[in-house]
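Work through the exercises below with the sequence and coordinates at hand, trying each task before reading its solution.

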Amino acid sequence: MEHSFLTEQRRLLPYMGKWLLLALAVGLLSGSASAFFLFALELATGTRNAHRWLIAPLPLAGFAVGWLYLRFGSSVEAGNNLLIDEIHDPKKVIPLRMAPLVLGGTVVSHLFGASVGREGTAVQMGGALADQLTHAFKLQVEDRRIVLMAGISAGFASVFGTPLAGAIFGLEVLAIGRLRYDALLACLAAAIAGDQVCLLWGHALGIHHTHYAIASVPALGLWPLAAVAIAGALFGLAGKLFADCTHALSGWMKRRVTYGPLRPLLGGSVVAAAVLAFGADRYIGLGIPTIQAAFTEPLAPWDFAGKLVFTVASLGSGFKGGEVTPLFYIGATLGNALAPLLHLPFSLLAGVGFVAVFAGAANTPIASTLMAIELFGAEVGVYAAVGCVLAYLFSGHTGIYRAQRIGHAKPGKS
């Protein structure tokens with residue numbers, strides 16, 4: 001028995017060495033790409049804020065990005081869904097062009113005022129860069145799957161500064177109700193490495209992750225837990241509404257407008273006209289100032305709906321970027337609106353909504369709970385878990401990632 005145990009340990013060392021080396025390489029590539037992306041994003045946002053007229057040519061910017069994807073990026077246009085599909089059914093290595101195309105497309109979207117996020121860009125860059133190791137190290141199919149998952153984890157972790165959430169996100173996002181533990185070491189190591197590399201570059205480039213704080217967390221009790229559960233169900237419905245509307249608009253645009261570059265031109269025209277006509281600047285870009293304000297003061301109760309509409313219009317018409325930061329905005333402002341009705345502090349319900357709408361829309365309750373703990377502190381953990389689990393249960397089976405499979409159906413599925 002002892003001899004068998006020692007043999008197992010000796011076999012474990014080469015396995016760990018292999019995956020730690022690959023994960024370090026993935027983290028170095030992903031973390032560096034995310035740092036450059038965050039730097040470019042900050043520059044683009046600052047430029048747009050200083051020159052509001054840049055919103056007017058948003059339709060032309062959308063047309064240009066759409067044309068570039070039509071001409072050079074048709075094989076990578078599926079974005080995050082392509083990565084998930086390649087993990088489930090490996091076919092060919094992700095073209096490296098995915099990284100610069102999504103980087104440039106997202107920065108242009110933010111420069112001219114589309115309402116998009118950043119997670120999709122970081123994940124796509126991480127996955128595309130990680131997959132280049134398939135050729136370099138002649139990886140077999142199963143190892144390639146794990147490397148792609150590690151790239152997703154490293155991209156997510158580095159762009160938000162949440163290595164634990166990033167590690168689990170890469171495992172949890174592939175299939176509803178199922179985790180792949182064979183990739184746990186690689187995803188964790190890549191997420192930590194990617195986060196640390198991004199932080200090192202951040203010090204050099206003068207960029208940093210946004211910090212949020214929950215001012216007061218009430219003691220656990222029957223009403224606070226029940227109130228958060230009620231809010232969690234509403235957060236899940238909001239996540240479902242966002243995903244359904246985005247998919248519906250995207251499908252409608254593809255059926256009605258067959259020439260790809262015209263879709264973001266039309267969508268950009270609507271977004272730019274609405275922003276300039278109604279002064280709706282708070283609903284474009286990342287919306288970080290509004291998210292921060294949701295933790296400290298009462299906001300307009302329709303802010304979450306405004307962000308949802310502008311983001312659906314932007315992503316559904318073909319602008320490039322992510323869904324997650326807009327979901328953070330929708331969740332934080334919806335939580336802000338619900339807080340007085342449920343007699344809970346603004347900061348608590350804004351923080352729970354921040355992660356729970358994302359949990360419902362992406363079907364990732366565990367990663368979202370860990371993100372809350374990393375961003376807001378361990379004391380919010382139970383409330384975040386309740387909100388994320390209820391949001392997950394109430395959001396249905398159609399999330400923001402169409403390629404996501406159903407590992408174990410949620411309760412109530414017919």
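**Exercise 1.** Within what distance do the axes of helix 16 and helix 17 come, and at what angle do they cross?

*Solution.* The structure is a predicted model, in which local features need pLDDT of at least 70 and side-chain atom pairs count only at pLDDT 80 or more, while totals for chains, interfaces and linings use all residues. Residues are numbered from 1 along each chain as its sequence is written, and side-chain values use heavy atoms, with hydrogens and water left out.

Step 1: helices are DSSP runs (H or I, at least four residues) numbered from the N terminus, and axes are lines fitted to C-alpha atoms over the stretch in contact, with angles from 0 to 180 degrees between N-to-C directions. For helix 16 (residues 365-376) and helix 17 (residues 381-394), the axes come within 9 Å and cross at roughly 155°.

Step 2: helix 16 is therefore roughly antiparallel to helix 17, a label that applies to angles over 145 degrees.

Step 3: contact means heavy atoms within 4.5 Å; helix 16 contributes Pro-365, Ser-368, Thr-369, Ala-372 and Ile-373, and helix 17 contributes Gly-381, Ala-384, Ala-385, Cys-388, Val-389 and Tyr-392. By class, this contact has 8 nonpolar, 3 polar and no charged residues, where Ala, Val, Leu, Ile, Met, Phe, Trp, Tyr, Cys and Pro count as nonpolar, Asp, Glu, Lys and Arg as charged, and the others, Gly among them, as polar.

**Exercise 2.** What is the volume of the largest pocket, and which residues are closest to its centre?

*Solution.* Step 1: on a 1 Å grid over the protein atoms alone, a pocket is an open set of points with protein on both sides within 12 Å along at least five of seven lines, a cavity is a set where a 1.4 Å probe fits but cannot get out, and lining residues have an atom within 4 Å of a point. A volume is the space filled by probe spheres set on the points, which are joined across faces, edges and corners.

Step 2: the largest pocket has a volume of about 770 Å³; 31 residues line this pocket, and Glu-77, Ser-250, Lys-254, Leu-315 and Lys-320 are the closest to its centre.

Step 3: by class, the lining of the largest pocket has 12 nonpolar, 13 polar and 6 charged residues.

**Exercise 3.** Which residues line the largest cavity?

*Solution.* Step 1: the largest cavity has a volume of about 80 Å³.

Step 2: its lining consists of Arg-118, Val-159, Phe-160, His-209, Thr-210, Tyr-212, Phe-328, Phe-354, Met-371 and Leu-375, with helix 7 (141-160) and helix 16 each supplying at least two residues.

How values were computed
Angles under 35 degrees count as roughly parallel, over 145 as roughly antiparallel, 65 to 115 as roughly perpendicular and the rest as oblique.
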